[in-house]
Amino acid sequence: MKLGFIGVGNMAGAIIGGIIQTGLIPPEEIIGSDISAAGRDHMQMIYGIRVTPSNRKVAERAEVIFLSVKPQYYPAVIADIRDVITDRQLVITIAPGKTLKWLEEQFGKQVKIVRTMPNTPAMVRQGMTAVCPNDCVSKEELEDVIKILKTIGETEVVPENLIDAVVAISGSSPAYVFIMIEAMADAAVAEGMPRAQAYKFAAQAIYGSAKMVLETGKHPGELKDMVCSPAGTTIEAVRMLEQKGFRSALIESMKACAEVSRNL
């Protein structure tokens, strides 16, 4: 499978790294383009892929093409490559707000398109990616896309009407978690813990807690109750979180995130 990336920034780099590290596709079968010569050179040096300044060369040579540029550049990029894209190629997008209908209109013809929404933990191969194909994509082709994306973490197929919810719950949520880790570390530092140690304690606690949800299959509320002893330290902390609107703040923040995604 010949793989192409139009745009070789952080997310493209994460996907390329996962693919090469797992041996799914050799680097000589991957080509990437970018307006930044430094970005192209960096990707070639790290992964040994072929690079070019031309988006059209990527579109001409690859069987599967990732559009991994920022959403505002999609119209110009698609206009540049649409006349060389054929009905045998597969186009994978990673931009919020760009619906399958909008993408099909931009190409002006039937094109195999898969919308995806990954997140930055893909950079450490612990990502969560939503996948949504259009009607031109076969079951076998969708399985190939999932195989590629599983090199950077977990993948789920979702209906397109849930993509904005995906943006809120996984696409943007690493930022919420990083703020939480930072705040937890600040509190520990205020109690006298060295900052580097505080970050490690906070990050490991969140990592381990998430793993418990995934591996035990227990409801998060049940796991929370397991930590909250009667009249203990944890239930007092939970009481204060509720008093300060922790749960509501998360819900409202995610609703705002999804709304922006819908209107991009």
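## Val157 in strand S8

Val157 belongs to strand S8 (residues 153-157); helices (H or I, at least four residues) and strands (E, at least two) are DSSP runs, numbered from the N terminus. This is a predicted model, in which local features need pLDDT of at least 70, side-chain atom pairs count only at pLDDT 80 or more, and totals for chains, interfaces and linings use all residues. Residues are numbered from 1 along each chain as its sequence is written, and side-chain values use heavy atoms, with hydrogens and water left out.

With a relative accessible area of 43%, Val157 is partly exposed (buried means under 20%, exposed over 50%, partly exposed in between, with a 1.4 Å probe and protein chains only). Not counting residues up to four places away in sequence, Val157 touches Val131, Pro133, Leu142 and Ile146, where contact means heavy atoms within 4.5 Å. Val157 and Thr116 are 41 residues apart in sequence, and their C-alpha atoms are 9.0 Å apart.

## Ser33 in strand S2

Ser33 sits in strand S2 (residues 30-33). Its relative accessibility is 0%, so Ser33 counts as buried. Beyond its neighbours within four places in sequence, Ser33 is in contact with Phe5, Ile6, Gly7, Val8, Thr52, Pro53, Ser54, Asn55 and Val58.

## Positive phi in two loops

Arg125 is not a glycine, yet has a positive phi of about 60°. Arg125 lies in the loop between strand S6 (112-117) and strand S7 (127-133) and is partly exposed, at 35% relative accessible area.

Ala231, also not a glycine, has a positive phi of about 60°. The loop that holds Ala231 runs between helix H10 (220-227) and helix H11 (233-243). Ala231 counts as exposed, at 84% relative accessibility.

## Packing of H7 and H8

H7 and helix H8 (residues 173-190) pack at about 25°, with axes 5 Å apart. H7 is therefore roughly parallel to H8 (angles under 35 degrees count as roughly parallel, over 145 as roughly antiparallel, 65 to 115 as roughly perpendicular and the rest as oblique). Axes are lines fitted to C-alpha atoms, for helices over the stretch in contact, and angles run from 0 to 180 degrees between N-to-C directions.

The contact is formed by Val167, Ala168, Ile169, Ser170 and Gly171 of H7 with Ser173, Pro174 and Tyr176 of H8. By class, this contact of H7 with H8 has five nonpolar, three polar and no charged residues (Ala, Val, Leu, Ile, Met, Phe, Trp, Tyr, Cys and Pro count as nonpolar, Asp, Glu, Lys and Arg as charged, and the others, Gly among them, as polar).
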